[in-house]
Amino acid sequence: MEYTTLEIADVVVADNGSTDESLHVVEAEFPTVKTIPLAQNYGFAEGYNRAIAAVDTPYVILLNDDVAVSPGWLEPLLDFMETHPECGACQPKLLSDRDRTKFEYAGAAGGYLDSLGYPFCRGRIFATTEIDRGQYDTPAEIHWASGACLMIRRDLYREAGGLDARFFAHMEEIDLCWRIRRMGYSIYCRPDSVVYHFGGASLAMGDPRKTRLNFRNSLLMLWKNLPRHRRQGLIFRRMLLDGVAALNFLLHGEWNQVKAIRQAHREYKDMRDKYYQSDDSAEKGVAELCGFSILFKYYIQRKIKFSELNL
């Protein structure tokens, strides 16, 4: 079916407590765009929760303000959701707006989790991003879709509890996708839809606050989504590896990063008991992890491309 974007979607700008003239600029230059002014900065997670609660459509797309879209990007996502009721959420192919020949770090062509819960993507493993040569242009079922551009059924978003506001930012979309898959829905990447993500506009790579949120929220995500008999040992191994990362930062004189990891562990221990998860529900979460360590594949076997993993 042929559409134009304006026929199938409303553009809504949620202003997360900005203190500049953002809202005035939108209202003056784009009068047809709807706005949702929020009283304060609720963070990525709660900001989206409040914005989505204020709209009433079958689907919503979480779209970062540092994403540039391409012509016809929306139609493949909508068509797929309309024809695949088992699909709870999907993402386009994300390329870097800094270098449009390469995949973008935060999502690329769809995300996965290794046996220890480390995320990686089709087109990106750790800091290695591949050149897009069409090698991942087939639709694929994935573990998680990027929050930079995430299409999701609105009712399912609410039923799943939305993004975890306590995360504030980082890892929250992976946690949401994990919960959605545990509910019996699938997550897909549709690479025939393409957008360009600038990335790092909120917190730059290497910012200690970004390190703290990523390390803390990764542990919380595992605590929430794994059964008790699996999570204790797995999280212990993850914390040991966090210690190795801290030692590496220490050897390079990056004291702020070491402090960020220590603070992440303290906050994780303070926050984890606020979550309750029945083991019956969490058993489904075990299947969400790949059966290998991406650390071993990448650093020991030197498999730096997703296509070399033979998933």
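Q: Hi! Are Phe 120 and Phe 306 buried or exposed?
A: Phe 120 is buried, and Phe 306 is buried too. Buried here means under 20% relative accessible area, exposed means over 50%, and partly exposed is in between, with a 1.4 Å probe and protein chains only.

Q: Before I go on, what kind of model is this?
A: This is a predicted model, where local features need pLDDT of at least 70, side-chain atom pairs count only at pLDDT 80 or more, and totals for chains, interfaces and linings use all residues. Residues are numbered from 1 along each chain as its sequence is written, and side-chain values use heavy atoms, with hydrogens and water left out.

Q: OK, and what does the protein average in pLDDT?
A: The average is 91, and 93% of the residues score at least 70. pLDDT is the predictor's confidence in each residue, from 0 to 100.

Q: Which element has the lowest mean?
A: That is helix 10 (residues 279–282), with a mean pLDDT of 55, while strand 5 (residues 87–96) has the highest, 98. Helices (H or I, at least four residues) and strands (E, at least two) are DSSP runs, numbered from the N terminus. Where pLDDT is low, the predicted coordinates should not be read in detail.

Q: Back to the rings: how many aromatic pairs are there?
A: The structure holds 13. Rings of Phe, Tyr and Trp (its six-membered ring) pair if their centres lie within 6.5 Å; planes under 30 degrees apart count as stacked, over 60 as edge-to-face and the rest as tilted.

Q: Why is the pair of Phe 120 and Phe 306 called tilted?
A: The planes of the two rings are at 35 degrees, with the centres 6.3 Å apart, so the pair counts as tilted. Phe 120 is in strand 7 (residues 119–121) and Phe 306 in the segment after helix 11 (294–300), so the pair ties together parts 186 residues apart in sequence.

Q: Which residues form the aromatic cluster?
A: Phe 103, Tyr 112, Phe 120, Tyr 136, Phe 292 and Phe 306 form one cluster.

Q: New topic. How many residues of helix 6 are buried?
A: 11 of the 11 are buried, so helix 6 is largely enclosed by the rest of the structure. Among them are Trp 178, Cys 177 and Arg 179.

Q: And what comes just after helix 6?
A: Gly 184 does, with a positive phi of about 100 degrees.

Q: What about helix 4, how many of its residues are buried?
A: Helix 4 (residues 74–83) is mostly covered, with 7 of its 10 residues buried. Those include Phe 80 and Met 81.
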